[in-house]
Amino acid sequence: MQHRTRAVLGATAAVALAASALAAPAAASNRPGDATIYDIASSSADFTYLTAALEATGLDEALDGGGQFTVFAPTDAAFEKAADELAAAGVGDGTVPTLLAFLVQNDLADDVLLYHVTDGRRTAKSVVNRNSDKSIETLLGASLTSTPSATLVDASAATSDAKITATDISASNGVVHVIDNVLVPLP
């Protein structure tokens with residue numbers, strides 16, 4: 001699974017780098033920051049579970065390098081909420097370490113994480129349409145829906161949808177939007 005994930009991210013990064021070379025200069029509010037997406041996650045006390053999941057799957061390397069990505073980053077509280085909701089649906093015991101172990105052992109961790117990443121640098125204006133729902137294609141290949149109220153609707157009936165709580169955290173290799181629940185690509 002890690003090989004497939006790295007191949008997908010590698011190909012996506014190559015396309016993104018080629019496209020960015022042809023693109024017009026970015027607007028001042030959308031200029032890249034100094035830290036990578038992985039640097040932002042790993043240096044924040046709010047993203048310890050996300051960082052652990054990225055490291056367990058090898059995606060930390062992909063989000064610490066080239067290419068341009070948009071990441072919907074669940075906080076630690078979001079992972080705790082998802083673990084509780086999934087336990088109520090019969091998956092796991094309600095703890096995040098058990099949830100992460102379950103995802104890794106069942107080759108689902110890559111899929112869940114790729115469901116939180118889109119190709120390209122997408123600010124809040126391009127993620128949330130103020131007038132109607134918007135479909136967002138993820139690197140997993142599955143889509144999720146963004147509503148005008150800045151809620152991301154995933155495929156799971158077992159977990160709540162995720163609200164975007166902070167936007168446009170600029171990284172050298174993309175943009176981070178903070179969300180309050182883990183997106184689950186499985187019904």
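At what angle do helix H5 (residues 76-88) and helix H6 (residues 96-105) pack?

## The model

This is a predicted model, in which local features need pLDDT of at least 70 and side-chain atom pairs count only at pLDDT 80 or more, while totals for chains, interfaces and linings use all residues. Residues are numbered from 1 along each chain as its sequence is written, and side-chain values use heavy atoms, with hydrogens and water left out.

## Helices H5 and H6

H5 and H6 pack at about 75°, and their axes lie 9 Å apart. That makes H5 roughly perpendicular to H6 (the term covers 65 to 115 degrees). Axes here are lines fitted to C-alpha atoms over the stretch in contact, with angles running from 0 to 180 degrees between N-to-C directions. Helices (H or I, at least four residues) and strands (E, at least two) are DSSP runs, numbered from the N terminus.

On the H5 side, Phe 79, Glu 80, Ala 82, Ala 83 and Leu 86 meet Val 96, Leu 99 and Leu 100 of H6; contact means heavy atoms within 4.5 Å. By class, this contact has seven nonpolar residues, no polar and one charged (Ala, Val, Leu, Ile, Met, Phe, Trp, Tyr, Cys and Pro count as nonpolar, Asp, Glu, Lys and Arg as charged, and the others, Gly among them, as polar).

## The loop at Gly 92

Between H5 and H6 runs a loop that holds Gly 92. Because its relative accessibility is 46%, Gly 92 counts as partly exposed (buried is under 20%, exposed over 50%, partly exposed in between, with a 1.4 Å probe and protein chains only). Leaving aside residues up to four places away in sequence, Gly 92 touches Ala 87 and Thr 98.

## Pocket and cavity

On a 1 Å grid over the protein atoms alone, a cavity is a set of points where a 1.4 Å probe fits but cannot get out, a pocket is an open set with protein on both sides within 12 Å along at least five of seven lines, and lining residues have an atom within 4 Å of a point. The second largest pocket holds about 180 Å³. Of its 15 lining residues, Leu 86, Val 91, Leu 103, Val 184 and Leu 186 lie nearest the centre. H6 gives the most to this lining, with three residues.

The structure holds one cavity of 30 Å³ or more, and the largest cavity has a volume of about 40 Å³. A volume is the space filled by probe spheres set on grid points, which are joined across faces, edges and corners. Strand S1 (69-74) gives the most to the lining of the largest cavity, with four residues.

How values were computed
Angles under 35 degrees count as roughly parallel, over 145 as roughly antiparallel, 65 to 115 as roughly perpendicular and the rest as oblique.
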